[in-house]
Amino acid sequence: MYDSILVATDGSEAAATAVDHAVALADRFDAALFGVAVVDERTDYDTGIVDPEEARQHLEERAAGWLADLETRALEDGIEAETAVRSGVPHEEILGYADEVGADPIVIGSRGRSSFKGALLGSTVDRIVRTTARSVLVVGGGEDADGVANEPTRGADGERT
C-alpha cells in the first residue's frame, strides 16, 4: 500500500507518537522511511542581543537531534530512515520534501511544540492537510503545555484517529 513514508518531527510529544506510527507503517508495508525537521525562518531573531546566525545554528542542531532520535527509534525496529533538516516555512518544506522523496503518506503530530506559536503563525498541520493531495496521517494524543490530555484527533470524515 505504501512505498515511501515521510514523518515530520519537531521534538514534541505528539511528534514522537507520529514517529512511532511512521516506523510501524514502514515495518508493516516494508516501505522506505524518511524524516524531516524544519527550522522555521519566520521566527528569526532580529535584535542586537542574539546573533541571528548563532540562533539559527542552535535551531539546526536541535532539529538534527530530533532526527537522530527518529533514526534511533527506527533502528530499534530494524528500519533505516533517511532524514533531512530544512529551513523555511514548515508546511512548504515538509510538502516539498514529500515531493522530492515521493512519500505517501505524510505522518505528523496533531500539535507541535508551541500551541501559542501555532495560533500566531497558523497551523502547519492544517496547511498540510488542506494543500496536499497526498495522504496525511495526523497523530493525536499526548499532553498539551499545561499537562492536560489532548482530545483524539479527528479526520476529515469526523472519525477519531
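This is a predicted model: local features need pLDDT of at least 70, side-chain atom pairs count only at pLDDT 80 or more; totals for chains, interfaces and linings use all residues.

**Entry 1: around I79**

**Entry 2: the cores**

I then looked up where I79 belongs. I79 is listed among the residues with the most contacts inside the largest nonpolar core, along with I5, V7, A22, V23, L33 and V107. That core has 21 residues. I checked who supplies them: β1, α1 (13-29), β2 (32-40) and α2 (52-76) each bring at least two. The top contributor is α1, with 6 residues. I also noted a second, separate core of 17 residues, including A8, V36, V38 and I108.

**Entry 3: the whole chain**

I counted 5 helices and 5 strands. Read from the N terminus, their order is β-α-β-α-β-α-β-α-α-β. Of the 161 residues, 35% count as buried. For contacts between residues at least 6 apart in sequence, I got 71% joining residues at least 24 apart. The accessible surface is about 9100 Å², and carbon and sulfur atoms hold 46% of it.

Which parts have the highest and lowest confidence? Strand β1 (residues 4-8) is highest, at a mean pLDDT of 97, and helix α4 (residues 115-121) is lowest, at 43. Over residues 115-121 the pLDDT is below 50, and I found 8 contacts for this stretch beyond near neighbours in sequence. Residues 143-161 also stay under 50, with 26 contacts beyond four places in sequence. The chain averages 82, and 75% of the residues score at least 70.

Definitions and conventions:
Residues are numbered from 1 along each chain as its sequence is written. Side-chain values use heavy atoms; hydrogens and water are left out. pLDDT is the predictor's confidence in each residue, from 0 to 100. Helices (H or I, at least four residues) and strands (E, at least two) are DSSP runs, numbered from the N terminus. Contact means heavy atoms within 4.5 Å. A nonpolar core is a set of buried Ala, Val, Leu, Ile, Met, Phe, Trp, Tyr and Cys residues joined through side-chain atoms within 4.5 Å. Buried means under 20% relative accessible area, exposed over 50%, partly exposed in between (1.4 Å probe, protein chains only). Accessible areas come from the Shrake-Rupley method with a 1.4 Å probe; for residues, only the protein chains shown count as cover.
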